[in-house]
Amino acid sequence: MQQSVAHPSSSTPDVSPERQVKITAEVATLYKENDKITYNQMERRRLETRVRAHTDHDMITSHTMRLRKDKKPRDTITYLKRTDVSPEIGSKKSCKMAELARDYHNALQSDGLDVNTSKRQPAEEEVLQNIDSHAANINISALESKVTTDDVERALREAKPGKAGLNGIPTEFWTCLANIHQEVKAAQAKGQTGLKSRPVDPKFR
């Protein structure tokens, strides 16, 4: 890991110009030595990988099994491209693909909404007058009810792991938030005012 070295300030009144030049040269030398060490470490790791691949290529080891194993793509869709815009936009990155899908969805939802009201209203009335069929007498009162906490918890339980919506946030993130919420409620029920810190999953960092 590279360590940051502070550059001497040229406006320090207690340091003479000659001393500043000397300190700057020393700092540059330290940077060069640090880069050299980092480069040597990378070269050593590359050499170790090549040697291991050469010596273990005809042996059954965990290393060779990992090398020969087909890597499954992380995303179900490996490439997404929008052809309805000019120029066309495509990407293989998960976050970018989620952004493309979200923008495409928003464009579909807003398409045709800029029609003049003076033209829209007569058209709507004409369509309604030409509708002959009628909807069956179905009880739709359930649709008027608001989403409850039980509905949200059931949706989290039934959600498949490793999936994400248009915002790109995976299911595990919302499940983690729900678990934290339950812990806070349990702590409040016991009269505790605070909640101990918990380790953060590396995938959410």
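Start by selecting α4: of its 13 residues, the number buried (under 20% relative accessible area, with over 50% being exposed and anything in between partly exposed; 1.4 Å probe, protein chains only) is 0, so α4 lies largely in the open. Helices here are DSSP runs of H or I with at least four residues, numbered from the N terminus. Keep in mind that this is a predicted model, where local features need pLDDT of at least 70, side-chain atom pairs count only at pLDDT 80 or more, and totals for chains, interfaces and linings use all residues. Residues are numbered from 1 along each chain as its sequence is written, and side-chain values use heavy atoms, leaving out hydrogens and water.

Now run along α4: from first C-alpha to last it reaches 18 Å, close to the 18 Å expected at 1.5 Å a residue (the expected span is 1.5 Å times one less than the number of residues). Zoom in on the start of α4, where a side-chain oxygen of N116 comes to within 3.1 Å of the backbone nitrogen of S118.

Next, pick I131, in the loop between α4 (117–129) and α5 (149–158). I131 counts as partly exposed because its relative accessibility is 41%.

Hop to V152 in helix α5. V152 is partly exposed too, at 44% relative accessible area. Draw a distance from its C-alpha to that of A178, 26 residues away along the chain, and you get 9.4 Å.

Last stop: T171, in helix α6 (residues 171–189). Is T171 buried or exposed? Buried, with a relative accessible area of 12%. Leaving aside neighbours within four places in sequence, T171 is in contact (heavy atoms within 4.5 Å) with A159, K160 and K163.

Technical notes:
Helix = DSSP H or I, 4+ residues; strand = E, 2+ residues; numbered from the N terminus. Polar contact = N/O pair within 3.5 Å; in protein donor to acceptor, adjacent residues only side chain to side chain.
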